[in-house]
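Please read the points below beside the sequence and the coordinates.

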Amino acid sequence: MLWKRMACPLAIVLNLFILSATMAAATRVTKQPFGQTSEGSPVDLYTLSDGKIEARIMTYGGIIISLRTPDRNGKLDDIVLGYDSVDKYIAKTPYFGAIVGRYANRLAHGTFQLDGKTYTIPKNDGDNTLHGGIRGFDKVVWSGKQIKGGVELTYVSKDGEEGFPGTLTTKVSYTLSGSALRIEYSAITDKDTVLNLTNHSYFNLAGQGQGDVLGHVLKINASRFTPVDSALIPTGELRPVQGTPFDFRTPHTIGERINADDAQLQLGHGYDHNFVLDHPEGQLAEAAEMYEPTTGRILKVLTTQPGVQLYTGNFLDGSITGKNGRVYGRRSAFCLETQHFPDSPNHPSFPTTELKPGQKFHSVTIFQFSSGSR
């Protein structure tokens, strides 16, 4: 009789616990105004929280302006570089946290051929085009819509915008679940075009503005990389990483070999190179893992893309003061930009970046967060 009298309250407690856990796991999405552009276009800010991590994304540039994750002791900190206001992003930013397109990374001489026609894109990186030209996807206001677990952003790029052919409709969704931020890209066009999309978040797993990232421990599942020339344009070679400072198939700290006597590192002033991932293109698989020993934070990057660009903040020079008044010095962040290869339209042997009417571009990248000791 005693057990029967206890069973009902115990069942209620268990059910309440399960309900509480379910509710805690559900992602809360809120929206608020976040200023406006110089043209007067309103900018909104979406906050995603699953009870463990919090991501804040604004409609200007689709930028992840903050990403708060716990360390091994449960302490939350913001682990991406950025600014406190939209005005500062507009005034000066090295693509902090942005959606980059139409063509992420570099196009040699600001030109490519498609269907026998030569297209010219504005140069903004010496003799080359970087990240889509002067006004790329990082500098436009996207249309935002709340979806389950996150936000869907849409931008329609008109035929001829920044020199690219075709009216391109792009959708990017950010969703948060199970301590993972999922970024899903899709696009359609009404004319043959080229496309390369990525997110350009600058990470420091010790916390934004908390020194350099040279002690971070990195693993990349790539047996080859694309060496570059003096303008950081791929030579076309897919070079084995074995025996080079680019071999991260087993974990190494970023700083262990970054100053090695290596021509490629000298050209990039550190790591600024595309790695050819070992998994088949289109298959969602782990591309890289980063571990920060002092906090225990771990970032795993999964993607369907064929490449990932490792950039170690070589051109940050202390001239930028970011969130909370923190100064961003050289190599104070790293980027792992999932992508197709740089300058692919000018390298027929690289995986194609062409998109035709009737086709749908689709890719997924997941930033998965955890913490622990090693």
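**Notes on the predicted model**

1. Start with E152. Leaving aside neighbours within four places in sequence, E152 is in contact with S143, G144, K145, I147, K171, V172 and S173. E152 is found in strand β12. Its relative accessibility is 18%, and E152 therefore counts as buried, the cut-off for that class being under 20%.

2. Strand β12 (residues 150-157) pairs with strand β13 (residues 168-177) in the antiparallel sense, over eight bridges.

3. T189 lies in strand β14 (residues 180-189). Is T189 buried or exposed? Its relative accessibility is 9%, so T189 counts as buried. Not counting residues up to four places away in sequence, T189 touches G166, T167, L168, L355, K356, P357 and G358. By contrast, T189 and S371 are 41 Å apart in space, C-alpha to C-alpha, with a separation of 182 residues in sequence.

4. Strand β4 (residues 64-70) is mostly covered, with five of its seven residues buried. On one hand, strand β3 (residues 54-58) is joined to β4 by four bridges and runs antiparallel to it; I64 in β4 is the bridge partner of I57. On the other, three bridges join β4 to strand β5 (residues 76-78), again antiparallel, and T69 stands opposite D77 in β5.

5. The turns on either side of β4 can be described together. β3 and β4 form a hairpin with five residues between them, and G61 in that turn has a positive phi of about 70°. β4 and β5 form a hairpin with five residues between them, and here G74 in the turn has a positive phi of about 85°.

6. Which residues touch the most other members of the largest nonpolar core? They are L67, Y174, F203, I220, F275 and F334, out of 56 residues in that core. Apart from it lies another core, of 20 residues, which includes L45, Y60, Y328 and C335. Taking I220 as an example, and leaving aside neighbours within four places in sequence, its contacts are F248, R249, F275, L277, A287, A288, V308 and L310.

7. The largest pocket has a volume of about 400 Å³. Its lining has 20 residues, of which P94, L130, Y202, Y311 and F315 lie nearest the centre. By class, that lining divides into eight nonpolar, six polar and six charged residues.

8. The second largest pocket holds about 270 Å³ of space. It is lined by 17 residues, and the closest to its centre are E281, H340, T352, E354 and F361. At least two lining residues come from each of β28 (354-355) and β29 (361-371), and β29 gives the most, with three. The lining divides into four nonpolar, nine polar and four charged residues.

9. How many cavities of 30 Å³ or more does a search of the whole structure find? The search finds two. The largest cavity has about 40 Å³ of space, and its lining consists of N105, R106, T226, V228, L232, P234, D272, H273, N274, Q309 and P342. Strand β21 (residues 272-277) gives the most to that lining, with three residues. By class, the lining has four nonpolar, five polar and two charged residues.

10. The second largest cavity also holds about 40 Å³. G101, R102, G132, R135, G136, F137, S157, E161, E162 and F164 line it. Two of these lining residues are nonpolar, four are polar and four are charged.

Note on methods:
Residues numbered from 1 in each chain as written. Predicted model: local features only at pLDDT ≥ 70, side-chain atom pairs only at ≥ 80, totals over all residues. Heavy atoms only, no water. Pairing = 2+ DSSP bridges. Core = buried A, V, L, I, M, F, W, Y, C linked by side-chain atoms within 4.5 Å. Buried < 20%, exposed > 50% of the residue type's maximum accessible area, 1.4 Å probe, protein only. Contact = heavy atoms within 4.5 Å. 1 Å grid on protein atoms, 1.4 Å probe; cavity = no way out; pocket = protein on both sides within 12 Å on 5 of 7 lines; lining within 4 Å. Points joined across faces, edges and corners; volume = space filled by probe spheres on them. Nonpolar A, V, L, I, M, F, W, Y, C, P; charged D, E, K, R; others polar.
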